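Q: Hi, could you walk me through this one? I have never looked at it before.

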Amino acid sequence: MAMAMLTGSGRSRRFPPPGAAGGGASPFQQLGQRMQDITGDGGVLKEVVRVGSGELVAPDASVLVKYSGYLEYMDKPFETNCYRRSSRLMKLGKEITLWGMEIGLLTMKKGELARFLFMPHYAYGALGCLPLIPPNATVLFEIALLDFLDSAESDTFFALTAGQQDTIPLQKVLKVADTERQFGNYLFRQKHFMDAKDRYKRASLILCRRLPSKGEQSQIDAAKLLVFLNLSFTYLKLEHPARALMYGEKALEIDERNAKALFRCGQACLSMSEYEKARDFLIKAQKEQPFNHDINCELKKLASFYREYMDKEKEMCCRMFAHLRLPSVEPEVKSPLQMKGKVL
């Protein structure tokens with residue numbers, strides 16, 4: 001992503017000084033001449049810098065964006081989230097409050113980088129937002145759409161009663177479950193493990209409640225497998241190895257040779273000091289993926305822990321039975337006078 005463009009590197013002026021633009025047109029006016037009018041009234045103008053792919057952002061979607069906002073003749077942004085270590089998902093209509101930005105995002109695809117001009121009535125209005133934004137200001141926003149999740153169907157689904165949910169076609173149920181899993185994945189990457197767990201469990205709930213008809217079982221099992229694996233990993237992060245083992249074993253009920261499920265079960269057993277069970281799971285995982293670095297490292301870790309455990313057991317046993325040891329008896333040494341048949 002062209003981060004230098006988004007943040008304004010300061011190496012050169014973004015816009016020429018007042019009066020430098022040819023023909024008396026301001027920099028924003030010149031820029032607007034080559035941009036697309038996406039509202040039909042000139043209120044929001046767009047220029048695509050990098051083309052995205054896939055579907056357009058859906059209304060009510062939650063978006064992951066990097067953005068910077070500029071006033072005319074200003075090199076530094078008055079607002080940006082490009083310096084944050086991690087961005088957060090923002091829901092259209094709730095957390096995206098700038099009207100022009102919401103309209104612009106609805107024209108974008110995943111991976112797209114675009115530049116927008118928002119006229120005052122699509123930005124901060126006649127009053128502006130003092131002291132940063134003067135009244136009746138036109139603003140430039142550069143926006144990179146990193147990802148988005150269409151949560152409209154998911155929101156609608158969970159607003160239904162349990163009985164109504166059961167009447168929803170399977171493909172829509174699978175889509176809702178996948179949306180919940182994707183939300184969970186995002187939260188997991190942000191290290192919000194408790195929130196991620198809640199999203200995964202919502203996906204698990206609707207998949208496990210579904211009574212499959214003939215031919216649906218394989219699709220439901222494939223979706224459940226992904227969710228169970230995610231739950232197992234998340235519970236490991238939450239330091240609940242018993243739960244992690246439970247969901248790992250649920251995954252193995254679907255696919256008994258799944259290396260990732262075997263690995264998670266091995267990790268969980270190791271965390272609970274169940275070394276024999278850990279070894280069994282990890283050896284099976286290694287058999288499926290002999291050159292997997294993580295599996296082989298976990299087996300080395302297991303061997304180290306087991307040696308340490310055995311050393312402690314040995315030391316404890318020695319202390320427990322120390323008082324039962326018989327005192328050592330020194331051999332009797334007879335003097336020459338006591339020796340029979342011997343003459344001095």
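A: Happy to! Helices here are DSSP runs of H or I with at least four residues, and strands are E runs of at least two, numbered from the N terminus. Keep in mind that this is a predicted model.

Q: Okay, how many helices and strands are there in the chain?
A: The chain has twelve helices and nine strands.

Q: And how much of the chain is buried?
A: Of the 344 residues, 41% are buried. The accessible surface is about 20,500 Å², with 55% of that belonging to carbon and sulfur atoms.

Q: Let's pick a strand. Is E8 mostly covered or open?
A: Strand E8, residues 113–118, is mostly covered, with six of its six residues buried.

Q: Which residues sit on each side of E8?
A: Leu113, Arg115 and Leu117 are on one side, while Ala114, Phe116 and Phe118 are on the other. In a regular strand, side chains alternate between the two faces of the sheet.

Q: Which strand does E2 pair with, then?
A: Strand E2 (residues 44–50) runs antiparallel to E8, and six bridges join them. For instance, Leu45 has Leu117 in E8 as its bridge partner. E8 is also joined by six bridges to strand E9 (residues 139–149), again antiparallel. There, Phe116 is partnered with Phe141 of E9.

Q: You mentioned Arg115. What does its side chain meet in a salt bridge?
A: Its partner is Glu47, at 2.7 Å from N to O. Glu47 is in strand E2 and Arg115 in strand E8, so the pair links distant parts of the chain, 68 residues apart. Both Glu47 and Arg115 are buried. These two also belong to a salt-bridge network with Arg34 and Glu142.

Q: Switching topic: which residues of H11 are buried?
A: In H11, Tyr275, Ala278, Phe281, Leu282 and Ala285 are buried. Seen down the helix axis, the buried residues of H11 fall within an arc of 130 degrees, so they line one face. Glu276 and Lys287, on the other side of H11, are exposed.

Q: And how far apart are the end C-alpha atoms of H11?
A: They are 20 Å apart. That agrees with the 20 Å that its 14 residues should span at 1.5 Å a residue.

Definitions and conventions: Residues are numbered from 1 along each chain as its sequence is written. This is a predicted model: local features need pLDDT of at least 70, side-chain atom pairs count only at pLDDT 80 or more; totals for chains, interfaces and linings use all residues. Side-chain values use heavy atoms; hydrogens and water are left out. Buried means under 20% relative accessible area, exposed over 50%, partly exposed in between (1.4 Å probe, protein chains only). Accessible areas come from the Shrake-Rupley method with a 1.4 Å probe; for residues, only the protein chains shown count as cover. Two strands pair if DSSP finds at least two bridges between them. The expected span of a helix is 1.5 Å times one less than its number of residues. The arc is that of the directions from the helix axis to the C-beta atoms. A salt bridge is a side-chain nitrogen of Lys or Arg within 4 Å of a carboxyl oxygen of Asp or Glu.
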